[in-house]
Every structure is written in C-alpha cells, then in structure tokens.
Amino acid sequence: MTHADLDQSPEPWLTNPFDDDKLKEECGVFGVIGTAEAANFVALGLHALQHRGQEAGGIVSYDADAGFQQARRFGYVRDNFTSHKVMETLPGELAIGHVRYSTAGNKGQTAIRDVQPFFGDFSLGGAAIAHNGNITNAEALRKELVERGSIFQSSSDSECIIHLMARSMGRTIPDRMEEALRKVEGAFSVVAMTRTKLIGVRDPLGVRPLVLGKIGDGYALSSETCALDIIGAEFVREIEPGEMVVITNKGIESHHPFRPAKSRFCIFEHVYFSRPDSILGGRSVYETRENIGRELAKESPVEADMVCPVPDSGTPAAIGYSIQSGIPYAMGIIRNQYMGRTFIEPTEQIRNMGVRLKLNVNRALIKGKRVILVDDSVVRGTTSRKIKEMILDAGAAEVHFRIASPPTAWPCFYGVDTPQREKLLAATMSEDEMREHLGVDSLKFISLDGLYRAVGEAQGRNPKSPQYCDACFSGEYPVAPSDQITNGFELKTAAE
C-alpha cells in the first residue's frame, strides 16, 4: 500500500483560531462504488460534508492494477482534494472518504495517523473503514486489545474496530466487521470497503445518520443527502438503525446483525449539525428549523421591532419566529463569508477581535431598535456575550435572546466534541442566572417538548420512551458511557 500523506502537524492557530462557542460537528463519511474515478466523486461528497469536520480529511480507493491507495491531509477538502496531482494517485471504481473533527484522540494535537479512513491488511485481503460517531467503551477495548498484543497506530477510538476485525475468525470481511461491531458500544455510522465491496452500517439505535444513493450503475453511501445532490446521485433511502448493507457490482445485500432496539436518532442533527438542505427521516432540515422558530415564538413571545438571526445557523429558526410573531425579519448581523483561516497569527489583541472578524453588526438597521436575536444554542455563552455587546454598541434599545434548542446541560459521548459538564453554562446556572450573566433583557430557550413538536412529534416528548437521543439536554443517555463512568463521570440522579 502506498501513502500520499503529509506527515506534519497543523498549527493550532490555523485550524481553530477562535473559540466559536459551538458544539463541533462530529465527522462525515462518504463512499462510492461502480463509477469510474470514484475518488473524485468522494472528494465532491466530502466537500458537501465539510460542515461535519474541518480539521482533516482522507480518501482510500481501490484499483485492480494499483491496489489500495490513500491520501490524508490536514485542512479543508477544497485545499487538498481538488489537485489533479493528488487525485490521480487514487484510481479505481471504489473509494471511501472521511472528514474529521477530533471527538476522540488528541484534540488539537492531531497527527496524520489519526486521520481516517483507517486501513487494515487481513488474511482475507485489505479493508478500509471510516467512522462517524464515538465508541463509549473504547478505552476498555483498547486496554484489552493491547494486553493481547495489538499495536495501535493512532489515538482514535475508531481504530479499535480494525483490531477487533483482525482478531475475528469470520469467513469474510463483512462477517468480521459484524463480529467487531457487536463488541462496540456507543454510536457508529460506518462506511467501509474491501477490494470488491462497499459496506455501510448503523448502530442499533441509529444515533448518527447514513443514507444510500444511486449514481448511474453504481451506488453511494453518505452521512447526509446534501452530499448525494452534489454528485447528481438519486436518494434511495436511509440505512436503517442496526442495518448492514453490502454493495457489490451484483447489487445490494441487507441484513440486521444486531439485537433489535428502539431508534434514538440524535435530535441535535435537526437543530444544528446537518446542512439545512438535507433530508432527515423524510423531513426537510430547513423546514424543521423554521418550525422550531415558530414554536419558540408561541412559547416565548416578546414585543420587539425586528427578529435577527445569529448567522448562519440561527437563520431558519429566525425566519420561523418572524412568520409566527409577525415581527419583521432583518439581517442585523452580517457574516464575513471569507472568514476561514485568518491570515494574521492571532496575538491576544487579534483573538479579542475574533467574533468581529466573523460577524459585523448592521448599525444603520439596529440603532434604536428592540432586537430579538435567534441562535441555535448556547454552550459556554462566551460568543453570545460578545454578540450582545456588539448589538448594544451599535445602539440597540433592547436585546432579547431566543435559543432554538433547550439548554445544553450535559456532554455528548456519541461523537460530538462537548466541553466538560462544568463548562456548560446551563449545567451551573438557571435560565434567569444565564440571562443575568449574558446581560440581555430576556433569554428564553425552546422547551424539550416544543423541540419534539417541531420535529414532527405532535404530542411532544415521550418521557417513558424518548423518540430521539436528547442526552445533551436531558442527561438521559441511551447507551451508558462506560469509559466516562469508569473515569468518574456522574450520571443524572433522580433529583435532577
């Protein structure tokens, strides 16, 4: 196997120059079989999934003459996988790819060996695997595997799957993957490949998304439908929770290797992670977010002159709030679309300007007005305070925050990079205390029931059997985070 890897570490100020106070999207996976130059389609798909991971990306392809080839790079897809020189090293009709934000492993100190897809050369032939999610018993598995002689190359939890496959006695690589994934706890949507097969698997709860598309005589697997659109693929269906599909040039085989369980899809995919032009569970993400805004307006009305989104993630909810309330929608904050890696190495002074480099207030519009700011979430509250100060500096008469998700009071262990619980504003403060801390005239979050109604559950949340994973809001984890509990994490008590 050849490597087209650059073995250097990204400078942290280049990859994450400012704390933007958002939960970081987990990862994105994409795979194609049955099309010439499959890696080019994968690169396009990863470009559409860039919002799910901006730290690094990788592609593995297979060609009968060249064998398995791979390229892994730090940074954006557009900067790395648009070069003819790179893409010609990835021939073949079968390829998979991954965009990454580190949710496990050395956050902020990523080595190229941590970048997926991971490759293993087994007695049955080679296989590559790309994983979206988080394995909650990875530390225990890793310890056991190391004691039995496994040698790990990365700090990623996903590498456990490769080592478990290597130790399996399954007759085929899909059989080995099944056996490996039965030992894994947590959330996983996996796209994998052998020399002849494209494989897709979702965990039994279906926490993370995975969809199937048709392109010509071939097929594609993707984290989201928006990435199928970019390559002109037709959306076929979602991979079901607990389902494994094995795609070859003969067609698709599907089976359910895991014990059946009630689906618990991540509700935050609807709120923030997925692109608004994607479809989740048959529902338009954009329309769902607009519905969230409508519910917010019903639950938490306030007299004001304009409704402004915190761009871009607050925009659909702000439109919904405006429609429901009858208060005009206005672009009171303008986003600099070219804010990526800053060209200035951030001194402390530049760091303090971080939000202003990304967002600027439309002063002529804001001055003297009572403003409703709509954002998708409040995590630490640092950015919310800075935006409020900018709005007041521009002469706003009042500032009212409306948040399109319930208070984020618990960390996610299923593939989202969440701060420790004590750093989450809602974990240590009541809504009134948060309003005072942020220094705004009013602060209201959508209720958990309101969020459920917005995603199509007319009766709201079923407290005995929740329809979604909402652990970041409720503290109710559908899969016990065993590694975290071992390390001292305390689950929600009855009193909470």
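The points below are grouped by topic.

This is a predicted model, in which local features need pLDDT of at least 70 and side-chain atom pairs count only at pLDDT 80 or more, while totals for chains, interfaces and linings use all residues. Residues are numbered from 1 along each chain as its sequence is written, and side-chain values use heavy atoms, with hydrogens and water left out.

**Overall architecture**

- The protein has 20 helices and 24 strands, taken as DSSP runs numbered from the N terminus (helices: H or I, at least four residues; strands: E, at least two).
- Of its 496 residues, 57% count as buried; buried means under 20% relative accessible area, exposed over 50%, and partly exposed in between (1.4 Å probe, protein chains only).
- Among contacts in the protein with a separation of 6 or more, 69% are between residues 24 or more positions apart, a contact being heavy atoms within 4.5 Å.

**Helix 6**

- Helix 6 (residues 159-167) is largely enclosed by the rest of the structure, because 7 of its 9 residues are buried.
- The buried residues of helix 6 are Glu159, Cys160, Ile161, Ile162, His163, Leu164 and Met165.
- Their cover includes strand 6 (118-122), strand 7 (125-135), helix 5 (138-147), helix 7 (173-182) and strand 8 (186-193).

**Salt bridges**

- The count comes to 19 salt bridges, each defined as a side-chain nitrogen of Lys or Arg within 4 Å of a carboxyl oxygen of Asp or Glu.
- Glu269 and Arg208 form one of them, at 3.4 Å from N to O. This pair links distant parts of the chain, 61 residues apart: Glu269 lies in helix 9 (residues 268-273), and Arg208 in the loop between strand 9 (198-202) and strand 10 (211-215).
- Both partners are buried: Glu269 has a relative accessible area of 0%, and Arg208 has a relative accessibility of 1%.
- Arg294 and Glu290 also meet in a salt bridge (3.4 Å, N to O). These two residues are 4 apart in helix 10 (residues 285-299), so about one helical turn separates them.
- Within that pair, Arg294 is partly exposed at 26% relative accessible area, whereas Glu290 counts as buried at 15%.
- Salt bridges with shared partners join Arg52, Arg208, Glu224 and Glu269 into one network.
- A further salt bridge is made by the side chains of Arg78 and Asp79, at 3.7 Å from N to O; Asp79 is partly exposed, with a relative accessible area of 46%.

**Cysteines**

- The structure holds 0 disulfides, a disulfide being a pair of cysteine sulfur atoms within 2.5 Å.
- The cysteine sulfur closest to that of Cys266 is in Cys469, and the 6.1 Å between them is too far for a bond.
- Cys266 counts as buried at 8% relative accessibility, and Cys226 is buried with a relative accessible area of 2%.

**Second largest pocket**

- The second largest pocket holds about 290 Å³ of space. It is lined by 15 residues, of which Ile33, Gly34, Glu93, Thr196 and Asn249 are the closest to its centre.
- A pocket is defined on a 1 Å grid over the protein atoms alone, as an open set of points where a 1.4 Å probe fits, with protein on both sides within 12 Å along at least five of seven lines; lining residues have an atom within 4 Å of a point.
- Grid points are joined across faces, edges and corners, and the volume is the space filled by probe spheres set on the points.
- The lining has 4 nonpolar, 6 polar and 5 charged residues, where Ala, Val, Leu, Ile, Met, Phe, Trp, Tyr, Cys and Pro count as nonpolar, Asp, Glu, Lys and Arg as charged, and the others, Gly among them, as polar.
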